[in-house]
Amino acid sequence: MIVHDALFIGGSWVRPEGDGMIDVVNAATEEVMGSVPDARPGDVDRAVAAARAAFDEWSGASVEDRAKAVERLGQALSARVPEVGAIVAQEVGMPLSMSTVIQGALPAMVMGSYASIVRDTAFEERIGSSVIVREAAGVVAAITPWNYPLHQAVAKVAPALAAGCTVVLKPSEVAPLSAFVLAEAAEAAGLPAGVLNVVTGRGAAGEVLVGHPEVDVVSFTGSTPAGRKVAALAAQSIKRVTLELSGKSPSVVLDDADLEEAVNSAVRQCMLNSGQTCIAWSRLLVPRHLHDQAAELAGAVVATYVLGDPLDPATTLGPLATDAHRNRVRAAIQVGSDEGATMVAGGSAQPDGLGRGFFVRPTVFAGVDSRMNVAREEVFGPVLAVLPYDTEDDAVRLANDTIYGLSAGVFSADRERALRVARRLRAGQVDVNGGGFNLLAPFGGYKQSGYGRELGRHGLDAYLETKSLQLP
């Protein structure tokens, strides 16, 4: 049991106003693995007040002092990578080997990257008779999801701190434990009191934080419906908002691509973290004459997955994070069948031999029409829809036929052709022939996948205001 009964506010561990606690459940065993406080509005008020009190001094600190603090924080996180990997594997279900790298090591790297990014940032420039100054935007409300809990927190906290902002972090109640590791790392790094505050709670605590009159910036990652509510609430006081929301991302396999290699890559990207990934390529677009072969290949890839406890080295696909989410994904699979899509692999039944745990069979649907729900709605689970297309223009049309625009992939034997198609896709990130994740590149979406960007130098923009000093 990992029990945290205090909140991190003003550089100290303080008792919450109430005695309510939130259980954290192990996704593979369905047993309670920890608990955290269920914050009340007064706790949020205290955290925001601490951030506001710390803002003037922190925003006035030199760039080098902030860079060194962020650097120390990254080092403190690096020392706890295995611990974070194990915690998140149990909370979310990602197999430990992947969780250690993605959930543990990646956030430490992102935090450390902002030391060099902020050192290389020009905070002043001269334009004619004006000095243009970029300065910290204020107190930040960072509200993060459960699927990549520490990574999403760091993607907000790191640039905010580097820019000179102070932060109140409200992690998801489903996977909150790594946020306490971040708070403890802030202590170990000697971060000044009130610069980073961590408050756990349910959605009500997040609403208080978003609407708080002393919060200047809101950065939210979650579903598009939740993002609409956040944007509306923040708009009442004209806060600056960054939203990273849902996706229904396509992978486009062109007719000259190595089909087996492309399908294998696309399926594995779709199934990452059991499909609990906002950028999952959940739509596989293939030439019509290759559709059946592609569907068969996708089914073969899915058949290689070993479902089980994420702490078991043999496991290659873990459970979903919660029982409620498992039920939603199973319902989506049933809808896909009811709509007439052909089930190549998987299904909504509990996997054999796994009586406990929030498991869902990795599922592949073929013969999917773009009007079906399985092709239009984010499932956020291990479910792939294979759609046929007739021409390259048709592939682009289908890829863009969505309210979302977070991610995409393109595969072709001709790199220039792949790039040409990639430029036509309305998505914030497009991987070309399996191009890898770049933590220095901007991350964010088009359309109803949100607005604003995180990571790299572009990630600073959300936390900086621009001022013109007009000289005689």
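Me: Why are helices H3 and H6 called roughly antiparallel to each other?
Reply: In this predicted model, H3 (residues 81-92) and H6 (residues 177-188) pack at an angle of about 160°, and their axes lie 9 Å apart. Angles over 145 degrees count as roughly antiparallel, and H3 and H6 are therefore given that description.

Me: Which residues make the contact between H3 and H6?
Reply: Contact requires heavy atoms within 4.5 Å. H3 contributes Glu 83, Val 84, Ile 87, Val 88 and Glu 91, while H6 contributes Leu 177, Ser 178 and Val 181. By class, five of these residues are nonpolar, one is polar and two are charged.

Me: What makes E19 a pairing partner of E13?
Reply: The cut-off is again at least two bridges. E13 and E19 (residues 407-411) share three bridges in the parallel sense. Gly 409 in E19 is the bridge partner of Ser 251.

Me: Which way do the residues of E13 point, and are they buried or exposed?
Reply: From E13 (residues 250-253), Pro 250 and Val 252 point one way, whereas Ser 251 and Val 253 point the other way. All are buried, a term that stands for under 20% relative accessible area.

Me: What unit do E13, helix H9 and E14 make?
Reply: Together with H9 (residues 259-271), E13 and E14 make a right-handed β-α-β unit.

Terms used: Residues are numbered from 1 along each chain as its sequence is written. This is a predicted model: local features need pLDDT of at least 70, side-chain atom pairs count only at pLDDT 80 or more; totals for chains, interfaces and linings use all residues. Side-chain values use heavy atoms; hydrogens and water are left out. Axes are lines fitted to C-alpha atoms, for helices over the stretch in contact, and angles run from 0 to 180 degrees between N-to-C directions. Helices (H or I, at least four residues) and strands (E, at least two) are DSSP runs, numbered from the N terminus. Angles under 35 degrees count as roughly parallel, over 145 as roughly antiparallel, 65 to 115 as roughly perpendicular and the rest as oblique. Ala, Val, Leu, Ile, Met, Phe, Trp, Tyr, Cys and Pro count as nonpolar, Asp, Glu, Lys and Arg as charged, and the others, Gly among them, as polar. Buried means under 20% relative accessible area, exposed over 50%, partly exposed in between (1.4 Å probe, protein chains only). A crossover is right-handed if, with the strands pointing away from the viewer, the path from the first strand over the helix to the second runs clockwise.
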